[in-house]
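Please look through the sequence and the model shown below, and then follow the explanation that comes after them.

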Amino acid sequence: MEDLDPRCIEGCAEEQLRTLEAFGFTWDGPVEYQSRRTAHYQEALERLRAAGVTFECSCSRRELASEAAALGRYPGTCRTGARHPGPTATRLRIDEGLALAVEDLFQGPIQWPAGTLGDVIIRRRDGVFAYQLAVVVDDALQGVTTVVRGADLLESTGWQIALGRALGLPAPRYGHLPLLTEPGGAKLAKSRRSLALEPQRAGEQLLTVLTLLRQAPPRALAGAPAREVLAWALEHWSSAPLHGLRQIALPASTGP
Ligand SMILES: [Zn+2]
C-alpha cells in the first residue's frame, strides 16, 4: 500500500482493499504499508550514501523547470554541492554513460540511451522517501518477480532498474499495460463518471475491460460473477494483441 505521502486520505487504503476483493483479487500474506516500512528505505538510503552515489540537491521545481525541460532530464546542477543553503532532496547520481534496455512483457524492447535518465530523487525535500526508492526496496524484500502496471509508469522503470542495480537487488520482469483514453486519444477525463469502479457490477466491468484489452471473452460469461470472469482470464490471457500498445481509445459512445 503506497501511503508514504502524508496527503493520503484516511480510510482510502481500506476501501481500495475492499474494492479489490469485490473484483475477485486475492494476495499472498498480509498487506504491507509503506508508511510502516521506512526503516527499510532509510537503510537503503544509507547504503547508497555510503557507496558515494548520492548527492544533496537544493533545486526547486521552479528553478529546474526551464533547464530540465531543455535537456529532458535533471541537469546535474548540484552534483558538486547544493547550489544554495536550505532544505535539500537526495538524488541518486546516474552515470551519463549508463544505457539500459529491457524486454517488456507487453511493450517489447524498451531502451534508455546513455545520458537520458538524469539523477533521480530518492528522498524528497520534505524528508519523505520517494516512490522510486520505496517500490524498488519493497519489490525486492517481498520477492516480487514480475511487475505489471500501466504504461504511464514506463518512464519510471529506467530509474527503478538503475536503483535496483545500485542496491545490488535482483531485477524483476516488467509488463506495462496500455492506458485507456478518451475516444480521440486524449487523457481520460475525470468527469467520466461512468468509468468509476462499481463493486456490485464487478463481473460486468471486468468483462468490459477484458474486451478493451483485446482478450475477446466469450458471450457465455455475461452475468457471471467476478471470480468466474477472472478465472477465464487467467486461463486464456494472451499478451500478443497488446504488443507495443501504449494506449487504447474508448469506443465513442460506450464506457465500462
Ligand atoms: Zn539541484
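At what angle do the axes of helix 6 and helix 7 cross? This is a predicted model, in which local features need pLDDT of at least 70 and side-chain atom pairs count only at pLDDT 80 or more, while totals for chains, interfaces and linings use all residues. Residues are numbered from 1 along each chain as its sequence is written.

The axes of helix 6 (residues 202-212) and helix 7 (residues 226-236) cross at roughly 25 degrees and come within 7 Å. Helix 6 and helix 7 are therefore roughly parallel to each other, a term for angles under 35 degrees. Helix 6 brings Ala 202, Gly 203, Leu 206, Leu 207 and Leu 210 to the contact, and helix 7 brings Ala 226, Val 229, Leu 230 and Ala 233, where contact requires C-beta atoms, placed from the backbone, within 7 Å. By class, this contact of helix 6 with helix 7 has eight nonpolar residues, one polar residue and no charged ones (Ala, Val, Leu, Ile, Met, Phe, Trp, Tyr, Cys and Pro count as nonpolar, Asp, Glu, Lys and Arg as charged, and the others, Gly among them, as polar).

Strand 2 (residues 89-92) is joined to strand 5 by three bridges, and Leu 92 has Val 120 in strand 5 as its bridge partner.

How values were computed
Axes fitted to C-alpha atoms, helices over the stretch in contact; angles between N-to-C directions. Helix = DSSP H or I, 4+ residues; strand = E, 2+ residues; numbered from the N terminus. Parallel < 35°, antiparallel > 145°, perpendicular 65-115°, else oblique. Contact = placed C-beta atoms within 7 Å. Pairing = 2+ DSSP bridges.
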